[in-house]
There are 2 protein chains.
Amino acid sequence: MTSSPPHQGSNAERSRSRNRTAVLGQIHHAGELGRAELARALDLSVQAVSNIIADLLQDGMLVEKGARSAGRGLPAVQYGIKPEGGFALGIEVRPNVIFAVLLDLTGKAVFTRRSVLKSARPEDVILEVTRLRDAALTEVPAAKDRMLGAGIVMPGPFGATGLSGRETELPEWQNVNPAELFQNALGLPVEVSNDANAAAMAERISGCAHGLGSFAYLYFGTGLGLGLVSQGHLVRGAFGNAGEIGHIPVPTPLGSAPLETRLSRMSVRHQLEMSGHSNIDFEKIEKLYATSDPELMTWLGSASDALGHAMQIIENVFDPQTTILGGAMPDAVLRHLVRNVSLNNASVSRRSDNPLPRLQCGASGRLVATLGAAALILNSRLTPHAATH
Amino acid sequence: MTSSPPHQGSNAERSRSRNRTAVLGQIHHAGELGRAELARALDLSVQAVSNIIADLLQDGMLVEKGARSAGRGLPAVQYGIKPEGGFALGIEVRPNVIFAVLLDLTGKAVFTRRSVLKSARPEDVILEVTRLRDAALTEVPAAKDRMLGAGIVMPGPFGATGLSGRETELPEWQNVNPAELFQNALGLPVEVSNDANAAAMAERISGCAHGLGSFAYLYFGTGLGLGLVSQGHLVRGAFGNAGEIGHIPVPTPLGSAPLETRLSRMSVRHQLEMSGHSNIDFEKIEKLYATSDPELMTWLGSASDALGHAMQIIENVFDPQTTILGGAMPDAVLRHLVRNVSLNNASVSRRSDNPLPRLQCGASGRLVATLGAAALILNSRLTPHAATH
DNA sequence: GGTATTAACTCAAATAACTTGAACTATCAA
DNA sequence: TTGATAGTTCAAGTTATTTGAGTTAATACC
């Protein structure tokens, strides 16, 4: 991850690529659009848009959707994203399991697989990932020569930080450059990120943050992560480790504690195990919630408080359009938290002009991070960077 | 402030403008550079850079600096920013006073003035601001037809938020669009922002964050503000109110309190007034510090703690290259805080590969926000937005 | 029902900025 | 002294865009 200021010149070729991205992005966002509408939105000439659309049709990334007449004048021919126009592989590496999905260009999952890992050593992971890639391409042959890239989700933090060696879940990857490794193994453009960032992108591409410019995603992982999106792109920080919100100490009735000791899978598990439960997994939590298990309810109370604190930090520091809560946690639990959290009224985020809720549940389920891995790639094809003023 | 996703197409004209910005930015950052060096940095052809430089010389924004021979080959002619190539006006509006500066293209202040405000009503402020603009142009006639724009710093939050009417320092501006108002009055491009954001830009243009891509600025205003810079540009949030870090409750020995009750001008003043001091202003604090006033020292202890908490939030959420502490507070006090804060070692920001200190003092003095107002304009002329990958 | 108006779209030419490739120049090293 | 190296310029060539005139197909009005 680089920290240098952004500097690259532009030329005809790069303009072209930017404009194709912008056209695809607008159409993805709106569902379908006509040439003239696009030209106005992008501040380009109709002719330019016409040429670009002809190109994208040729390349099989767009489909014609029939004309739509709105008032006077020639009805505009609408264009939509062609799902099979491009595919992105999403890979989530956890210490003992790998998840893989294949998304089409609209962000729909067309392949999903889970694969147990016997070892988390880089060479074994790479081997399994190429197998998963092959399985995906066998199941969806249309993707064979239309792969846009692969997104990889792995536990951070990345690089040599003060957290190194302490909380790393994949110690074997300490001195490896994952992006390079996967890029060589897969022969595809690769983006690597943590679970929370990826999850945010999943919601932006096909979930409840569809097309939003600025929002935050609170992710229940082992710990608690935060994905920040600004101007349609992830805010990764200077070293790619932005969003480690779980380590922040927040006030508690008995002093203070890191946020994720009260708001994370780790913390539910801990609390439930203390009271004699065992084998705490997704399904178990779901069941306990269905039966209103008192211990789980106690945890939920404390977690709601912690969530309120997290929201204060997120809203005051980042001022997002909305915040999304998700991750590998049963929907019912997430909904409970969203319903029961108390949001501070004295906040810059309580606005009369924002139609979105301040906090909402994610719409992508427990595989959100894996989906998001692939969404990282799609987003780079659908969202140009901010224009010069 | 807009919240929609960023979408604008590119064409030859916009490429040109982007490339000129990129060339100026690279030169600003490096001090001076040759054509070939620029071409490599921007991934443009040497010929393109040559044409752009010819243009910028013609426009009076660059100066030739003589050749520099480095090893074999023809020595490269160096180019530097021509200070009088462009000027930016910086205005800081406070309830009872206005500050104004004029910066040249290198970010040097060539005019500074303070003006007492009898009323903070929009029409009176506008009148005074145009007067200050005229005074600046009289004192620096070279700026007359080379004004790039005006930056305005005002207390936020902007728009109708949950804080409206409670903490606003300029109630008369509640239902006014400041940007539009100033733009019409001054006939210049205008950018409006809060003090912390502006301060961050001041340090990026001519202070200790010179040219940095990603950093944070903690600003001692009346309250406590946070300026976030990512990829060389401010992160403003969906509604322009990002960075209200002062309102976040943090743990204290006796429960919890909003950060700015312990770390802000307001809080020093409060603490010193409680113990019998009066007329607490900048100079008074400076004197009390020089004499190691026990009450001030007590405040400093609590403030250091609070600063430590702020740093945990900033580093974990944003992962900056460095954080800068500044604002309208004596340098000695800022230095004391930086020296005495205890930074958590278990942080993603403790890295072996970052040469910058995790926390440092600002280099722009107490006028930093006013300087920053003008720096907002300069930054837009020196930093292109991120390129497509 | 006919006609004017509106808006989307296409074709062909013009434009603007960048890239390419060959030639030239100045410095260093052997 | 000669060769290698690197910066720079000149003149064409390339590319994606804009411009402007003309076509098509709806709605609105008389």
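Two strands pair if DSSP finds at least two bridges between them; helices (H or I, at least four residues) and strands (E, at least two) are DSSP runs, numbered from the N terminus. This is a predicted model, in which local features need pLDDT of at least 70, side-chain atom pairs count only at pLDDT 80 or more, and totals for chains, interfaces and linings use all residues. Residues are numbered from 1 along each chain as its sequence is written, chains are lettered from A and ligands numbered from 1 in the order in which they are written, and side-chain values use heavy atoms, with hydrogens and water left out.

**The sheet in chain B**

Select β11, β10, β9, β14 and β15 of chain B: in that order, these five strands form an open sheet with mixed pairing. Its edges are β11 (233–234) and β15 (359–361), each of which pairs on one side only. Next, show helix α6 (residues 195–206) of chain B, which packs on the sheet and touches β9, β10, β11 and β14 (323–327). Contact means heavy atoms within 4.5 Å. The direction of α6(B) makes about 50° with that of β10(B); axes are lines fitted to C-alpha atoms, for helices over the stretch in contact, and angles run from 0 to 180 degrees between N-to-C directions.

Now color β9 (residues 215–220) and β10 (residues 224–230) of chain B, an antiparallel pair joined over six bridges. Y217(B) has G227(B) in β10(B) as its bridge partner.

**Two crossing helices**

Move to α1 (residues 12–30) and α11 (residues 368–382) of chain B, whose axes come within 7 Å and cross at roughly 115°. Angles of 65 to 115 degrees count as roughly perpendicular, so α1(B) is roughly perpendicular to α11(B). Show T21(B), L24(B), G25(B) and H28(B) on α1(B), and S380(B), R381(B) and L382(B) on α11(B), which make the contact.

**Between the chains**

Display both chains: 79 residues of chain B are in contact with 80 residues of chain A. The chains bury about 6400 Å² between them, 58% of it on carbon and sulfur atoms. Buried area is the accessible area (1.4 Å probe) that two parts lose on being put together, summed over both.

The interface has two salt bridges, a term for a side-chain nitrogen of Lys or Arg within 4 Å of a carboxyl oxygen of Asp or Glu. Finish on D43(B) and R14(A), which form a salt bridge with the closest N and O atoms 3.3 Å apart.

Terms used. Parallel < 35°, antiparallel > 145°, perpendicular 65-115°, else oblique.
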